[in-house]
Amino acid sequence: MRDDRLAQGEADPVSEHKPSRTGRNLPLAAAVAVVLGGLALITLFTLKATFLAYVGLVVTMALWELRHALLERGISLPLIPIGAGGAAMFTLAYWYGAQAALAALAITVVVLMAWRLPGGSAGYLRDLTASVFTLGYLPLMAVFVALMLSTPDGSRRTLVFILLTACSDIGAYFAGILVGRHLMAPAISPKKTWEGLAGSVVACVAAGAIALPTLLHAHVWQGLILGAAAVAAATLGDLVESMIKRDLEIKDMGSVFPGHGGAMDRIDSLLVMAPVAWLLLKLFVPH
């Protein structure tokens, strides 16, 4: 009966409930985003250590997703040394600063080199390369969130970072679905459009011009620069993850967040934006 109705051009009752032409369940995606954002705000402005734990949990979920995806291609990621080393980097960055985190990074790389030795020479360089890449892509990027948070005004710095990245995603999404016509990088991300990028630019630059003077007492021009940098970093982060998924021949890294995909799909822009935001905020608003 269902096939007969489809053959006659009638709408599938299930497909009628798709709220956007991108295929996303927009109300569900919005609800999940509100919950995730609410948790970030609550932890950020109560006990900062709980926000660190929150970020660490999401990064751990992303690590698990990436390990599972790479296993499908015969590449093994050692969760124990990457997870332990990443936790050490994250914790040391918050309590002791960048130099301690850098030392933890170097030691973790040494441990990874030794950890893979018992597995034999076949695939040694491949697995080690994937492990070091993962260490840099996930825990190392997250270290800059801990560095931002460690300052006396760290909660506000981190809020600016989150707001700008969110505005990049929101501006791109709504401009893309409303007026998106010209594909930006169809070989990498077939749904990204130049109109969506323009929406991202407008939203980010406006948010930077408002948020930086309001929350950190910086100049408007500094907010404009930070907003433009946020667009570049967030867009690159999204394209990089799309390229990884295309290489691995998967649609989403996971499905833990309904309407968003996996943890990796949710934090791809945040990862690349973190070091950019930390550096510019350090230059513009010395503490």
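The model is predicted, so local features need pLDDT of at least 70 and side-chain atom pairs count only at pLDDT 80 or more, while totals for chains, interfaces and linings use all residues. Numbering starts from 1 along each chain as its sequence is written, and side-chain values use heavy atoms, with hydrogens and water left out.

The chain holds ten helices and two strands; here helices (H or I, at least four residues) and strands (E, at least two) are DSSP runs, numbered from the N terminus. Read from the N terminus, the elements go α-α-α-α-α-α-α-β-β-α-α-α. Of the 287 residues in the chain, 45% are buried, where buried means under 20% relative accessible area, exposed over 50%, and partly exposed in between (1.4 Å probe, protein chains only).

Strand β1 (residues 183–185) and strand β2 (residues 189–193) pair in the antiparallel sense over two bridges; for two strands to count as paired, DSSP has to find at least two bridges between them. A hairpin of three residues takes β1 into β2, and Ala185 sits opposite Ser189 in β2.

On to the aromatic rings. A pair of rings is described by the distance of the centres and the angle of the planes. Rings of Phe, Tyr and Trp (its six-membered ring) pair if their centres lie within 6.5 Å, with planes under 30 degrees apart counted as stacked, over 60 as edge-to-face and the rest as tilted. That rule gives six aromatic pairs. In one of them, Phe144 and Trp278 have ring centres 5.5 Å apart and planes at 55°, so this pair is tilted. It links distant parts of the chain, with Phe144 in helix α6 (residues 124–149) and Trp278 in helix α10 (residues 263–284), 134 residues apart. Phe144 is buried because its relative accessible area is 18%, whereas Trp278, at 21%, counts as partly exposed. Another pair brings together Trp221 and Phe284: the ring centres are 5.7 Å apart and the planes are at 70°, so the pair is edge-to-face. Trp221 belongs to helix α9 (residues 220–248) and Phe284 to helix α10, so parts 63 residues apart in sequence are tied together. Trp221 is partly exposed at 47% relative accessibility, while Phe284 is buried at 17%.

The surface also carries a nonpolar patch made of Ile80, Ile107, Val111 and Trp115, with about 410 Å² of accessible area together. Patches are made of residues with over 30% relative accessible area and no salt bridge, like charges being joined within 9 Å and nonpolar side chains (Val, Leu, Ile, Met, Phe, Trp, Tyr) within 5 Å. Helix α5 (residues 98–115) gives the most to this patch, with three residues. Trp115 lies in helix α5 and is partly exposed, at 43% relative accessible area.

Last come the charged side chains. A salt bridge is a side-chain nitrogen of Lys or Arg within 4 Å of a carboxyl oxygen of Asp or Glu, and the count comes to seven salt bridges. Asp127 bridges to Arg116, with the closest N and O atoms 2.9 Å apart. This pair links distant parts of the chain, as Asp127 is in helix α6 and Arg116 in the loop between α5 and α6, eleven residues apart. Asp127 is buried at 5% relative accessibility, and Arg116 is buried at 15%. Asp153 and Arg157 form another salt bridge, at 2.7 Å from N to O; Asp153 is buried at 14% relative accessible area and Arg157 is buried at 3%. In the salt bridge of Lys245 with Glu241, the closest N and O atoms are 3.8 Å apart. Lys245 and Glu241 are four residues apart in helix α9, so about one helical turn separates them, and both residues are buried. Salt bridges with shared partners also join Arg116, Arg126 and Asp127 into one network.

How values were computed: Accessible areas come from the Shrake-Rupley method with a 1.4 Å probe; for residues, only the protein chains shown count as cover.
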